[in-house]
Amino acid sequence: MSVLSMLKFRVYKRGLGGNYFRKSLIFVLIVTSFPTAIIGISTYLIGINQVEKEVYQKNKYQLEQVFKRFDEQFSQLEMTVDKGAANSIFDEKIRHANFIEEFQVMQDIYRWLAVTQSSDPMIMRIDLFLDNQQMLVSNDRGAIWLKDDANKSAYDSVLKSEDLMYWSDAENFYPSDSSSLFPLVLVHKLPFISTRPYGALFVYLDKNMIDKEITQLNPYENGISFIMKPNGDWITSGKETDASKQPLKNVIRSKVLKDVADQESFTVKWEGEEYSVASATFSRSGWRYVIATPISQLMQPITLTSKLMLGVSFMGIIIAALLSWFASQRMYRPIKRLVQMFGGGISNKIPEEEDRSDEIKFIEDKWLNITRKSELFQSLLEENRYSIKKGFLLQLIQDQLYFFSEKELRERLQRHGWDTENKKFSLLLIQLSPFSETSKRFVEGDEQLVTFAAANIIEELSVDKANMEVINLHNLSVSLLVSFEQDKPREQIKSELFKISNELISMITKLLGVHVAVGISRPTSALKNLPKALDEVKKCLHFREIGEHGQILSTDDLIPYVKENPDYPFQIEKELIHALQMRAEEETIQLLHEFHQVLKHNAGKAFQIQQFTAQLLSSVLRAMIQLDVAHASANQGINLYEQLFKLKEIDEINKWFKNAVILPFLKALSEKQGIEMKQTIHKVKEMIAQEYMNDISLEYLSDKIGILPKRLSAVFAEVTKQNFIDYLTEVRIEKSKELLRNTDLKVTEIAGRVGYQPSYFNKLFKKSEGVTPGEYREAGLGL
């Protein structure tokens with residue numbers, strides 16, 4: 001073998017496969033991985049874009065809701081103040097009211113101011129300005145006179161305004177430096193409907209509360225939010241404590257005021273972070289509410305999703321690669337098995353001229369070789385089909401195929417070209433006379449030649465008839481099997497058979513010059529009855545006239561005489577011999593009883609029963625010789641036939657046959673097989689002692705020894721008086737006890753060494769010994 005061939009063999013032997021395996025692996029890998037990669041990349045590109053759009057849309061929607069909610073809060077505040085200004089306590093009577101004398105009116109005003117302040121958490125204080133009285137009434141500061149107030153002109157200017165309700169700078173009316181005061185104040189002139197106002201309500205807001213609301217309305221943790229006037233002045237910049245973000249607010253405020261102010265959103269880069277800025281205008285005041293959100297926070301779910309999608313795609317490719325390898329192995333398995341089968345197995349030496357690197361070509365070459373051999377065998381089969389058919393028919397009529405069912409016999413006959421559907425059959429037995437009764441044309445020793453010639457003559461006569469088949473019985477006998485339709489009348493069949501018989505007699509006599517006698521059987525619908533029909537025809541020919549030529553005898557005509565010669569129960573004999581060989585004592589004795597009952601019914605005469613029993617005795621002794629079993633009579637010089645013919649009654653014959661033949665036969669057979677069984681069981685025990693720690697079974701041992709599992713189980717139980725599982729368990733428990741006594745191994749290790757799982761071992765040990773393995777070791781049992 002060349003080095004290249006040896007290398008190819010080693011590669012193949014290690015399971016690496018040849019060209020076909022590599023090509024199939026690459027093909028499957030491409031088929032599975034490429035679409036997965038395309039789908040993953042496409043999903044990533046399309047999905048990320050779509051997810052990004054969805055995130056921006058969601059963010060836009062959230063901001064719109066924030067703007068709407070904040071605008072609604074201020075609108076609600078304006079409605080509350082507007083509704084309160086329409087209260088009846090602020091009618092024309094207050095214009096000239098003397099609050100010192102009309103103390104109740106002042107009390108109602110204080111009560112209304114307190115209730116209105118508590119109605120909205122954003123309201124910090126409400127002041128009532130009365131022009132005629134030059135008085136400022138507050139729910140927390142009481143009544144304040146403005147005669148000496150420097151801001152008197154600011155309050156007077158309120159009444160000159162054309163707007164009934166508007167927002168104004170709080171510092172014009174409340175010059176305090178309090179950081180808790182919102183920079184804007186809501187002003188509502190009184191009375192509600194009048195061209196000559198006498199005063200106004202001043203609603204101051206809680207800056208801390210509004211900053212908190214602004215911060216809470218921003219949905220992102222690191223974002224910023226603020227409110228500014230249309231001219232860019234700050235109203236509030238939220239509640240952020242990080243002063244480093246104030247420059248960012250200034251940049252955003254300037255961009256909002258510039259040319260990008262009309263855009264719904266834009267982006268701003270600041271210190272390496274990009275912000276998405278969105279703004280909205282309050283419907284009544286014209287204020288601008290601005291929110292800036294870090295894009296990294298917006299993109300956070302997208303980043304997570306993208307990583308997840310890439311991870312899933314990568315895992316998909318890995319799984320596709322593994323599945324490709326697995327699929328290639330599965331696809332290659334039948335190819336590998338074919339290569340092994342055609343090459344005689346992996347372990348065999350590869351001839352130098354065999355190249356297995358290309359498995360398909362190797363299989364193709366082997367297949368072509370097998371095809372050529374198959375064609376050769378087929379041609380040989382066709383050439384011998386005639387002989388096979390003749391052999392089958394000969395076995396059929398000689399009752400050698402008794403173990404086949406009627407259906408199986410008909411199917412096999414159909415394979416040989418016979419139509420057996422709705423057919424019945426008849427046999428013709430052509431008997432050629434001995435040469436002493438004929439002319440001296442043939443001499444002794446020519447029997448086979450004469451029979452062969454007669455069979456050929458009959459074959460020529462029936463060649464054009466599909467319902468006839470010649471069977472050469474040799475020794476001057478030829479049989480002709482004829483089939484007829486099931487519904488053909490019996491007399492018509494008999495007439496046709498007689499006509500065929502006359503033609504055969506005439507032609508054989510003319511060509512061979514021998515005397516011929518033909519026996520005709522009764523028609524039968526079952527192929528299994530043909531052996532009995534042949535036997536009946538043979539008996540009929542016993543009634544032919546010696547020296548007379550051209551005799552035709554029918555079993556229908558001679559049936560009374562044939563019945564006088566009783567039938568031998570061949571079938572019972574076969575079953576009895578089989579039962580003996582299987583050592584089935586009860587079945588054998590039962591069949592012996594049936595055998596004699598049939599003889600008693602059919603024969604009745606003592607000499608016939610003796611003769612048939614002697615024939616059965618010969619068959620039994622022949623079976624003993626075939627099994628290499630010697631009968632006791634052979635060593636003791638006993639003549640069984642002599643003993644048999646001394647018996648007259650059938651019961652005596654049955655009892656004698658049982659005690660003198662059947663039982664000694666079974667005893668001798670048991671002794672012989674007992675030795676063989678003991679040797680087999682001894683071998684089984686040795687294998688158990690060597691492999692008890694492995695997963696051995698009855699099937700494994702039977703395969704090693706070469707005996708059926710069922711047979712081995714029966715033999716093991718018969719020899720050891722113990723079933724296989726119990727014996728194996730006993731061996732393993734004894735080995736475990738030995739290890740428990742003599743080693744320090746853990747119980748789990750001992751369980752593995754005797755072939756058990758730890759949990760099952762503990763349960764089995766306790767069932768066998770009454771204690772657990774640990775208790776057995778601690779108690780020192782067995783020492």
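Start at K646, which is exposed, with a relative accessible area of 59%. The model is predicted. K646 sits in the loop between α18 (640–645) and α19 (650–691). Q610 and K646 are 36 residues apart in sequence, but their C-alpha atoms are 9.3 Å apart in space.

Colour by pLDDT next. The protein chain averages 77, and 78% of the residues score at least 70. Select residues 1–16: here the pLDDT is below 50, and the stretch has 23 contacts in the model beyond near neighbours in sequence. Residues 560–565 are also below 50, with 5 such contacts. Where pLDDT is low, the predicted coordinates should not be read in detail.

Go to the largest nonpolar core. It has 39 residues, and L201, L205 and W287 touch the most other members. Elements giving two or more residues include α2 (19–85), α3 (103–118), β5 (181–190) and β6 (199–206). The top contributor is α2, with 7 residues.

Centre on W287. Leaving out residues up to four places away in sequence, W287 touches F74, W167, F182, L184, I227, M228, P230, I235, A280, T281 and F282. Another core lies apart from this one; it has 33 residues, among them V620, L647, W656 and A660.

Turn to the aromatic rings. The count is 11 aromatic pairs. Select F129 and Y155. Their ring centres are 5.1 Å apart and their planes are at 25°, so the pair is stacked. F129 lies in strand β1 and Y155 in helix α4 (residues 152–160), so the pair ties together parts 26 residues apart in sequence. Both F129 and Y155 are buried.

Then pick F761 and F765. This aromatic pair is tilted, at 5.7 Å centre to centre and 55° between the planes. The two residues are 4 apart in helix α24 (residues 758–769), so about one helical turn separates them. F761 is buried, at 0% relative accessible area. F765 also counts as buried, at 0%.

Finish at helix α22, residues 724–742. Its 19 residues reach 27 Å from first C-alpha to last, close to the 27 Å expected at 1.5 Å a residue. Look at the N-terminal end. N723 caps it, with a side-chain oxygen 3.3 Å from the backbone nitrogen of I725. Then show the side chains along the helix. The buried residues of α22 include F724, Y727, L728, V731, I733, L739 and L740. R732 and K737 are buried too.

Notes:
Residues numbered from 1 in each chain as written. Predicted model: local features only at pLDDT ≥ 70, side-chain atom pairs only at ≥ 80, totals over all residues. Heavy atoms only, no water. Buried < 20%, exposed > 50% of the residue type's maximum accessible area, 1.4 Å probe, protein only. Expected span 1.5 Å × (residues − 1). Polar contact = N/O pair within 3.5 Å; in protein donor to acceptor, adjacent residues only side chain to side chain. pLDDT = per-residue confidence, 0-100. Contact = heavy atoms within 4.5 Å. Core = buried A, V, L, I, M, F, W, Y, C linked by side-chain atoms within 4.5 Å. Phe/Tyr/Trp six-rings, centres within 6.5 Å; stacked < 30°, edge-to-face > 60°.
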